[in-house]
Amino acid sequence: MTTKYLKAKNSITNDLVASLVVFLVALPLCLGIAIASGVPPALGLVTGMVGGIIVGVISGSPLQVSGPAAGLAVIVWELIQEHGIEMLGPIILLAGLIQLLAGVFKFGQLFRALSPAVIYGMLSGIGVMLIGSQFHVMLDEKPHSHGVENLISIPTSIYNLVFIHKGSHLMAGFVGVMTIITLLLWDKFKPTRLKLVPGALVGVLVATGISTLMKLPIQHVNVPESLAATIQLPTLESLINLFHGPKFLDAVVIAFIASAESLLSAAAVDRLHHGPRTDFDRELAAQGFGNMICGALGAMPMTGVIARSSVNVEAMAQTRLSTILHGVWLLALVAAAPSVLKLVPTSSLAAILLVTGYKLIKVENIRKLQQYGRIPVFIYFATLGGILATDLLIGVIIGFVLSTIKLIYKVSQLYIRIDSNQINRRVDVYLEGVATFIRLPKLAKALEGIAPGKEIYIHLEMLSYIDHSCLDFFSTWEKQQQKMGSNVIVQKDKLVERYRRPFTQKNSEETSS
């Protein structure tokens, strides 16, 4: 009994400490991602609370931390620009319902089958778009509605900052740069005793201190005294509008991206600890339920987030209690001291997201893909380019289609080798791979090139599959060769045995039973 009590006590202590660390990491990210998405910062905190308190209780990955994710910021921004913020809640509500149903019907494992080239390309595309948009926010400027415009206009913003604007924009840029410098220096040289203190928080604290002491005339976080003032419940009219094509498609996109990011994050978290493994279907359903609540409150969408989750594991969390408590601390801060958040400069939060966007573009991912040839690298850049040139959905679809074409090409490969012996007029034809209608023209060309009057041996034992189109062609070709004086012997015993073995085994099992 004493041993169990001590273990329970240690577990609660570890979870309590871990929850505080995750809270300190989540706080600036919740605010910054909300601002990057074009919604009031308080809505980012609401999503963090729901991700901790509600999803934390029912999730299929106990140590995963859910909340607003940088990967969805770009989508939410475009959604608001196109449909207005009043449609954000209903679309997130529908996206959550799609996720919930996908989890209930056991589709969770399917998201793990996505090509790494598409996933890496998607993350890099999101990272580039974040850098483009948050650079302007860091200067207290309004970002453009399209990612390419944000990137192209960066040199102009720098020129205007130095030679034209100066003033508040220059001060905001200074605060942002100081945030980045502090974050990078802290992550590299932080004391061992303070290794769990996140660099993002230290950067925000330094930026807040500079802004407060110097009384800089720059933009700060606008948090209402009451969260109820920011919550916007869906109206009947907005729910009816969901059946309009573009809005429904936006919900599908958010559901897809949020699910992929959450389940990939959960898989990564499983590799960081030795505790219970993730139930992917339950995790997907939990994410859907959480997004339905966020949608009902008019808040931001959520995903499982690897950055916060890895911090949770590193801080020695033992159970889901740490995830739940981090949501409680977010709620307590907003309820008890909302005025503290109003001291935080917007430019410092944008600077943190700018660094986050840079981290999403990992060069090592390209090196990993190079190990598997040029095609995965091509798919990576095609996905990235599609996202930048059009939007996130089109870019991912481009990558998915290219991956499917590559798969079809690989599984339909047929290798043909023809050995001729002029002395005994014997020809051996070796087939390896998959013989389907896709490769029938290649097969026909090879066989019809054999001169008549030969002893032809067709070796099929190395085929992994042959369809009825090729079998029918063999039958017709064999008759034609016999009329031209050739003798055709088809070596297919091993192939037939391979096909018949499962059925023979099944019949013997049925007979014995």
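Helix axes here are lines fitted to C-alpha atoms over the stretch in contact, and the angle between two of them runs from 0 to 180 degrees between N-to-C directions. With that in hand, let us walk through this structure, which is a predicted model.

Our first stop is a pair of helices. Two packed helices are described by the angle between their axes and the distance between the axes. Helix 8, residues 167-189, and helix 16, residues 346-360, have axes that come within 8 Å and cross at roughly 50 degrees. The two are therefore oblique to each other, and their crossing is right-handed. On the helix 8 side, the contact is made by Ala 172, Val 175, Gly 176, Thr 179, Ile 180, Leu 183 and Asp 187. Helix 16 answers with Ser 347, Ser 348, Ala 351, Ile 352, Val 355 and Lys 359. Sorted by class, this contact has 7 nonpolar, 4 polar and 2 charged residues.

Now turn to another pair, helix 3 (residues 70-83) and helix 11 (residues 245-270). Their axes come within 10 Å and cross at roughly 170 degrees. Angles over 145 degrees count as roughly antiparallel, so helix 3 is roughly antiparallel to helix 11. From helix 3, the residues Gly 71, Leu 72, Ile 75, Leu 79, Glu 82 and His 83 take part. They meet Pro 246, Lys 247, Asp 250, Val 253, Ile 254, Ile 257, Ala 258 and Glu 261 in helix 11. This contact divides into 8 nonpolar, 2 polar and 4 charged residues.

Beyond its neighbours within four places in sequence, Gln 99 is in contact with Ala 255, Ala 258, Ser 259, Leu 284, Ala 285, Gln 287, Gly 288 and Asn 291. Ala 258 also belongs to the contact between helix 3 and helix 11.

Ile 397 and Gly 108 are 289 residues apart in sequence, and their C-alpha atoms are 19 Å apart in space.

Finally, let us visit two loops. Most residues other than glycine have a negative phi. Lys 215 is not a glycine, yet has a positive phi of about 50 degrees. You will find Lys 215 in the loop between helix 9 (199-214) and helix 10 (236-240), where Lys 215 is exposed, with a relative accessible area of 73%. Met 316 also has a positive phi, near 70 degrees. Look for Met 316 in the loop between helix 13 (306-314) and helix 14 (321-336).

Notes
Residues are numbered from 1 along each chain as its sequence is written. This is a predicted model: local features need pLDDT of at least 70, side-chain atom pairs count only at pLDDT 80 or more; totals for chains, interfaces and linings use all residues. Side-chain values use heavy atoms; hydrogens and water are left out. Helices (H or I, at least four residues) and strands (E, at least two) are DSSP runs, numbered from the N terminus. Angles under 35 degrees count as roughly parallel, over 145 as roughly antiparallel, 65 to 115 as roughly perpendicular and the rest as oblique. A crossing is left-handed if the near helix is turned anticlockwise from the far one by less than a right angle, and right-handed if clockwise. Contact means heavy atoms within 4.5 Å. Ala, Val, Leu, Ile, Met, Phe, Trp, Tyr, Cys and Pro count as nonpolar, Asp, Glu, Lys and Arg as charged, and the others, Gly among them, as polar. Buried means under 20% relative accessible area, exposed over 50%, partly exposed in between (1.4 Å probe, protein chains only).
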